[in-house]
Amino acid sequence: MAENKIRLRIVTPVRELYNKDAEMVIMRSSIGDVGILHGHQPLTTTLDYGFLRIINGTEEIRATIFGGFASVDSRGITILSDAAEWPDEIDVERARAAKERAESRIRRNDSNIDIARAELALRRALIRLEAKERK
Ligand code: ATP
């Protein structure tokens, strides 16, 4: 690990999205955004849906991360998440279709529909669309 940097590893069921050093990492934990620098105290937290910001000097890159766990220890930050992407990888049409599907499920007001699940799908789609808009 480079001095004053922290190693960040992001793993999903399908791949390792990132395994490099960073000056600062800001993650969306379940209780809000948490900024992590080299030497941060050990921490384990669940993650919310949102952006993970990786900062090196004046450069900032962002990944979308959808839940999971983050563990911070002397070796660095390890994030395990069901789904994570770089903005370039996001398929806008797929996200729009997911948004419409979720909205129509929520609107239908049908007791057979799991509204909480549709609301989570809607949040994922909105975050993916926002990631594309911000690029
Ligand atoms: P969908 O209904 O379109 O599958 P979802 O929100 O249910 O969307 P997830 O369960 O969050 O999808 O993700 C499943 C896998 O598909 C993950 O690997 C995720 O990175 C990928 N993925 C989901 N939506 C997109 C998208 N719009 N563009 C690129 N990859 C996507």
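Entry 1: I began with Arg128, where a polar side-chain atom lies 2.9 Å from an oxygen atom of the ligand. The model is a predicted one, in which local features need pLDDT of at least 70, side-chain atom pairs count only at pLDDT 80 or more, and totals for chains, interfaces and linings use all residues. I kept in mind that residues are numbered from 1 along each chain as its sequence is written, and that side-chain values use heavy atoms, with hydrogens and water left out.

Next I looked up Arg94, which also has a polar side-chain atom 2.9 Å from an oxygen atom of the ligand. At Asp91 I found a backbone N or O atom 2.8 Å from a nitrogen atom of the ligand. I then listed the residues around the ligand (a heavy atom within 4 Å of it), and among them are Ala83, Glu85, Glu89, Ile90, Ala95, Arg101 and Arg124.

**Entry 2: the largest pocket.** I noted about 500 Å³ of space in the largest pocket. For the record, a pocket is an open set of points on a 1 Å grid over the protein atoms alone, where a 1.4 Å probe fits, with protein on both sides within 12 Å along at least five of seven lines; lining residues have an atom within 4 Å of a point. The volume is the space filled by probe spheres set on the points, which are joined across faces, edges and corners. I counted 18 lining residues, and the closest to the centre are Arg94, Ala98, Arg101, Arg124 and Arg128. The elements giving two or more residues to this lining are α1 (92-108) and α2 (115-134). Helices here are DSSP runs of H or I with at least four residues, and strands are runs of E with at least two.

By class, I have 8 nonpolar, no polar and 10 charged residues in the lining. Asp, Glu, Lys and Arg count as charged; Ala, Val, Leu, Ile, Met, Phe, Trp, Tyr, Cys and Pro as nonpolar; the others, Gly among them, as polar.

**Entry 3: around β9.** I followed strand β9 (residues 76-80), which runs parallel to β1 (residues 6-11) with 4 bridges between them. Strands pair if DSSP finds at least two bridges. With β8 (residues 69-73), β9 pairs in the antiparallel sense over 5 bridges, and a hairpin joins the two through 2 residues.

Conventions: A polar contact is a pair of N or O atoms within 3.5 Å; within protein, one must be able to donate a hydrogen and the other to accept it, and residues adjacent in sequence count only if both atoms are side-chain atoms.
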